[in-house]
Amino acid sequence: MTATVLVFLKYPEPGKVKTRLAAAIGPDRAAALYREWIGVVLRELQPVRERATLVGYHDGGSADRFAEWSALVDDWWQQPAGDLGTRLSVGFATAHARGGPVLAVGTDCPEIDARLIDRAFDLLQTRDAVFGPAADGGYYLVGTARHRPDFFEAVRWSSPHTLADHLARCRDSGWSVGLLPELADIDTGDDWQAYLARRGASRDR
C-alpha cells in the first residue's frame with residue numbers, strides 16, 4: 001500500500017495553456033512561465049517521494065513530450081477526455097486501486113511545497129477528505145483517504161463556487177474534511193502581478 005500524489009500538468013504549448021494569463025502578457029510568455037512553474041512545483045515536491053508515489057498526470061500529448069521532467073516523477077499517467085471532475089475521478093480511482101490515500105495538485109500554484117503535502121496526508125489519517133482552498137473559490141489541492149466513486153459529482157468546476165460546492169457535498173454525505181492554508185493560483189495577469197508582489201515582500205522580510 002502506498003500513497004499517491006497526482007500532479008496535474010499540461011504541455012506548455014503557446015495558445016493552449018494559461019489562456020487568461022496570455023490575454024494579459026501574450027501566449028508565448030504565458031507558456032514560458034507555465035513551463036517554469038511545472039519545474040518549480042515538481043522540484044518542491046521531491047521530498048514527498050519518500051512517502052508517496054509522485055505521478056505526472058499529463059494532458060496535451062504523450063508522456064515523451066514531458067521528458068525534461070521525467071527525473072522528477074515516479075510515473076506518467078495520461079489524463080482522459082472530459083471535464084475536470086471526470087479527470088479527477090478517473091485519476092483517483094486508478095490511484096486508490098493501488099492502495100493508500102490520494103492527493104491531487106495543480107501546477108499553476110508555484111507556492112505549494114512538500115510541507116503542505118505532508119500536512120494533507122497527516123489530515124487524511126483522521127479525515128475523509130482534505131482541500132487546499134484557492135483564493136478564487138476553487139482549490140489547489142484535493143485528497144481522499146479512500147476511494148469514493150461519487151466524490152467528484154455535483155460540483156461546478158472552474159468557477160468561484162467549486163470549493164463551496166464540494167464542501168457542501170462532503171457535508172451532505174457525512175464526510176469529514178480537513179483544510180489547509182489558502183493559497184492563490186495564477187490564472188490572470190492580476191494574479192501574476194500579485195504573486196510577484198508577494199514574492200518581493202517575502203524577499204524584503
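Visitor: Which backbone oxygen does the side chain of threonine 107 reach?

Guide: That of phenylalanine 8, at 2.8 Å. Before we go on, a word on the ground rules: this is a predicted model, in which local features need pLDDT of at least 70 and side-chain atom pairs count only at pLDDT 80 or more, while totals for chains, interfaces and linings use all residues. Residues are numbered from 1 along each chain as its sequence is written, and side-chain values use heavy atoms, with hydrogens and water left out.

Visitor: What makes the link between threonine 107 and tyrosine 34 a polar contact?

Guide: A polar contact is a pair of N or O atoms within 3.5 Å; within protein, one must be able to donate a hydrogen and the other to accept it, and residues adjacent in sequence count only if both atoms are side-chain atoms. The side chains of threonine 107 and tyrosine 34 make such a contact at 2.7 Å.

Visitor: Why is threonine 107 called buried?

Guide: Buried means under 20% relative accessible area, exposed over 50%, and partly exposed in between, with a 1.4 Å probe and protein chains only. Threonine 107 comes out at 2%, so the word is buried. Threonine 107 sits in the loop between E4 and H4; helices (H or I, at least four residues) and strands (E, at least two) are DSSP runs, numbered from the N terminus.

Visitor: Why is glutamine 46 called partly exposed?

Guide: Its relative accessibility is 22%, so glutamine 46 falls in the partly exposed class. You'll find glutamine 46 in the loop between H2 and E2. Its side chain makes a polar contact with the side chain of arginine 49 at 2.7 Å, and also reaches the backbone oxygen of leucine 72 at 2.9 Å.

Visitor: What makes a group of residues a nonpolar core?

Guide: They are buried Ala, Val, Leu, Ile, Met, Phe, Trp, Tyr and Cys residues joined through side-chain atoms within 4.5 Å. The largest one here has 44 residues, and Val5, Leu103, Ile117 and Leu141 touch the most other members. Several elements supply at least two residues each, including strand E1 (3-10) and helix H6 (189-204). The largest share, eight residues, comes from H2. Another core, of 21 residues, lies apart from it, with Leu88 and Cys170 among its members.

Visitor: How do you know which residues valine 5 is in contact with?

Guide: Contact means heavy atoms within 4.5 Å. Leaving aside neighbours within four places in sequence, the contacts of valine 5 include Val48, Ala52, Leu103 and Phe121.

Visitor: Why is the pair of phenylalanine 66 and tryptophan 69 called tilted?

Guide: Rings of Phe, Tyr and Trp (its six-membered ring) pair if their centres lie within 6.5 Å; planes under 30 degrees apart count as stacked, over 60 as edge-to-face and the rest as tilted. These two ring centres are 6.2 Å apart and the planes meet at 45 degrees, so the pair is tilted. Phenylalanine 66 is buried at 0% relative accessibility, and tryptophan 69 is buried at 4%. The whole structure holds twelve aromatic pairs.

Visitor: What kind of pair do phenylalanine 152 and tryptophan 157 form?

Guide: A tilted one, with 6.3 Å centre to centre and 40 degrees between the planes.

Visitor: What makes arginine 65 count as sitting over the ring of tyrosine 11?

Guide: The rule asks for NZ of Lys or CZ of Arg within 6 Å of the ring centre and within 35 degrees of the ring normal. Arginine 65 lies over the face of tyrosine 11, at 3.8 Å from the ring centre.

Visitor: How many disulfides are there?

Guide: A disulfide is a pair of cysteine sulfur atoms within 2.5 Å, and by that rule the count is zero.
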